[in-house]
Amino acid sequence: MAVATNQTILVVGGGISGLTAALEAAECGKDVILIEKNPSLGGRISQLYKYFPKLCHPSCGLEINLRRLKGNRNVRVMTLTEVSAVSGETGNYSVTLKRSPRYVNDRCTACGECGKVVEADFDDEFHYGMKQRKGAYLPFSMAYPQRYVLDPCIIGSDDADKAKAACPMDAIDLDMQEETLELNIGAIIWATGWRPYDANKIQPYGYDRFDNVITNVEFERMLDPFGPTGGKILRPSDGKEARDIAFIQCAGSRDENHLKHCSRICCMASLKQATYVREQYGDEGKSSIYYIDIRAIDRLDNFFAKVKADETVSFIKSKVASITEDKASGNPVLHGVNVEGYHRYSNPHELVVLAIGMEPSVSRDEFPVDVVIDDNGFVEADESNGAIFAAGCTADALDVNRAVQNATASALRAIQVINRVAAQEAASGAEG
Amino acid sequence: MSDMGSVAIEKYRNNNYRNNFLHEVEAHVEGGEWVKMCMQCGVCAGSCPLGPHWAHPPQEIFMMIRAGKREEVLTSDSMWMCTSCYNCIVRCPRGLPITHIMHGLAHYAHRLGLAPEKQPTREFAKLFWDNITKNGRANELKMGLSLYFKDGFGSGVKEAMKNKALGQAMMKTKRMNPMEFFGGHGVKDKSGLHAMLAKAREIEDAKFEQGK
Ligand SMILES: Cc1cc2nc3c(=O)[nH]c(=O)nc-3n(C[C@H](O)[C@H](O)[C@H](O)COP(=O)(O)OP(=O)(O)OC[C@H]3O[C@@H](n4cnc5c(N)ncnc54)[C@H](O)[C@@H]3O)c2cc1C
Ligand code: SF4
Ligand code: SF4
Ligand code: SF4
Ligand code: SF4
């Protein structure tokens, strides 16, 4: 692909939404640059064990998209890249990109030799810090590109030299520097997605104090056969199997003190996670879902009905007021009042999963360009945004199905802008 | 704080709030307009330290208001139990000023003469009000005595004896002056204060009448 022009579409964020938007536009013949700040594409879905409602593995959908990507010459992918500035207007933006060094070039075959020789350990972001990784690593098994990356923290240390010496392909380049690129762009699609709300902020639930209170994103990681617990549901406090599990809905969502919006996916995520408990223990497992109301709309209602019919799953209509810990057993104890009858309870469980909500990953003041952002931090569809379109969880708290629909819609809007630019250029070319 | 008597209650019963206690609360109770915002999540009820000891936690009171349970709410002693600890307010996901609504309901029930007669918090509030408005300053000695003797002379002497040590300690540290028994200290312009309070009462009563 040649250099970028004002007929190029820039897609920011390589999660399922960004990938979809980039591919839809590229398959219509448009030039697309897809940038991702992490070393790999995939985004948050790659960290999920299964998808509701079909309970298929996200790797499958990701693989299909990566195949589309490999087969398309119109998309240029840049990882470890972020936008630092945007100026200009619809059809004619000037964008500054900042690309961080990977220290590994495209000769890498992901053979893994470098990872074997380095020593320092780091928290593995992919596993939300529940596991450690080395300073030379592949972000996750399905990472795209399939290339190792060096943690910038090892540059200048013995580990860096060891990694370089071990590489049979001479793929490690310790002199790589941060680069700045200026691009001419016609339309921009923002698909920077979401991040889990910080559970430490929900003081009464004691996520920071009690080992056996975890979040739903961590629970997804536990089920991964190659994850931190080898696919078992283990208590962080003592490594014992947890069979009696409580889910607390709206943890940090629908709350004036936290996220005001309903995150929309967490009811479904907990229902899905209750099926993980059944999958693991059959009739021996026990899931208790503490909720205000269950939001499973449209076709997702069938999934809810199915989970409700499972006798190992119980529903308690109550937002838990606080959690304490039973020191002897390490069990978190949930306190509250059951709305159905106003009964006071203090229920111990072996493990508590907070159904944490989604907040936009780029916060209001971090946005490098002026766009209209609503009270909850999502980018609104507004004329004044020009040719900057939000896709997926940048636009709203959405599940994958809706995020993909939304991304396709923004691809269409971007394509329309590019078509207008092309028509204008053709006209002025004819005149000249 | 004057009771309005049964005539007024009857008048209320037959006015346009009939069957719509929520509207009545919205119009007359401090913070009442917030009640409809409650989503019945249960956090306040579960957070209230007095929860196990009172008949209806705030969450339930709000539901009862919406269900039109006027008598049950207004004659309940629940809202009088609130200690203003503010646990509920800081946690309510909807931002309801729950503590203020509790006090608002108590006040309203009192004005209508529906509040439980022997409820201790209410009795204390009444004694305190009478005490402080007399001279414009709290008279600790008389406050203590009137509290002890509220149930009659016999039990009053007993109560007073029980708390003898406390009383003596307060006198020693000059927190209480035995001379207060004879009149006691007060603001300079007592009649001005009383005129002010009377005016405030007048405005308040007019508002109350108007709101009906
Ligand atoms: C516990 C849990 C379980 C879930 N389970 C399901 C499920 O079973 N089924 C379902 O349909 N949905 C599920 N979801 C929702 C699903 O995760 C989202 O719908 C999906 O991740 C949205 O994808 P996205 O591309 O919009 O955002 P993301 O996946 O967040 O992707 C955004 C991408 O942008 C990148 N990025 C961020 N900032 C920048 C930047 N400044 N510059 C460049 N790149 C950047 C990120 O690194 C990331 O790769 C679940 C959510 C949770 C919390
Ligand atoms: S950088 Fe070299 S050693 Fe490391 S995985 Fe790639 S090819 Fe193998
Ligand atoms: S989806 Fe469910 S758990 Fe999530 S915020 Fe909405 S109601 Fe609460
Ligand atoms: S915490 Fe707030 S929203 Fe929840 S029941 Fe109490 S008053 Fe209602
Ligand atoms: S302020 Fe009153 S109602 Fe609220 S938690 Fe404290 S005692 Fe209970």
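This is a predicted model: local features need pLDDT of at least 70, side-chain atom pairs count only at pLDDT 80 or more; totals for chains, interfaces and linings use all residues.
Local features require pLDDT of at least 70 and side-chain atom pairs count only at pLDDT 80 or more, while totals for chains, interfaces and linings use all residues; side-chain values use heavy atoms, without hydrogens and water. Residues are numbered from 1 along each chain as its sequence is written, with chains lettered from A and ligands numbered from 1 in the order in which they are written.

In chain A, helix α5 (residues 216-223) and helix α6 (residues 266-281) have axes that come within 11 Å and cross at roughly 30°. Helices are DSSP runs of H or I with at least four residues, and strands are runs of E with at least two, numbered from the N terminus. Axes are lines fitted to C-alpha atoms, for helices over the stretch in contact, and angles run from 0 to 180 degrees between N-to-C directions. α5(A) and α6(A) are therefore roughly parallel to each other (angles under 35 degrees; over 145 is roughly antiparallel, 65 to 115 roughly perpendicular and the rest oblique). In their contact (heavy atoms within 4.5 Å), Asn216(A), Phe219(A), Glu220(A) and Leu223(A) of α5(A) meet residues of α6(A) that include Tyr276(A) and Val277(A). The contact residues divide into 5 nonpolar, 3 polar and 2 charged. Here Ala, Val, Leu, Ile, Met, Phe, Trp, Tyr, Cys and Pro count as nonpolar, Asp, Glu, Lys and Arg as charged, and the others, Gly among them, as polar.

α6(A) also packs against helix α7 (residues 300-308) of chain A, where the axes come within 10 Å and cross at roughly 40°. That angle makes α6(A) oblique to α7(A). Met268(A), Leu271(A), Lys272(A), Ala274(A) and Thr275(A) of α6(A) make this contact with Leu300(A), Phe303(A), Phe304(A) and Val307(A) of α7(A). By class, these residues are 7 nonpolar, 1 polar and 1 charged.

The residues around ligand 3 (a heavy atom within 4 Å) include Cys250(A), Cys262(A), Cys266(A) and Cys267(A). Both β14 (244-251) and α6 of chain A give two or more residues to this shell, which has 5 nonpolar, 3 polar and 4 charged residues. Around ligand 5, the shell includes Cys48(B), Cys82(B), Cys85(B) and Cys88(B), and divides into 8 nonpolar, 4 polar and no charged residues.

Finally, chains A and B bury about 1,400 Å² between them, 54% of it on carbon and sulfur atoms. Buried area is the accessible area (1.4 Å probe) that two parts lose on being put together, summed over both. Chain A contributes 16 residues to the contact and chain B 19 residues.
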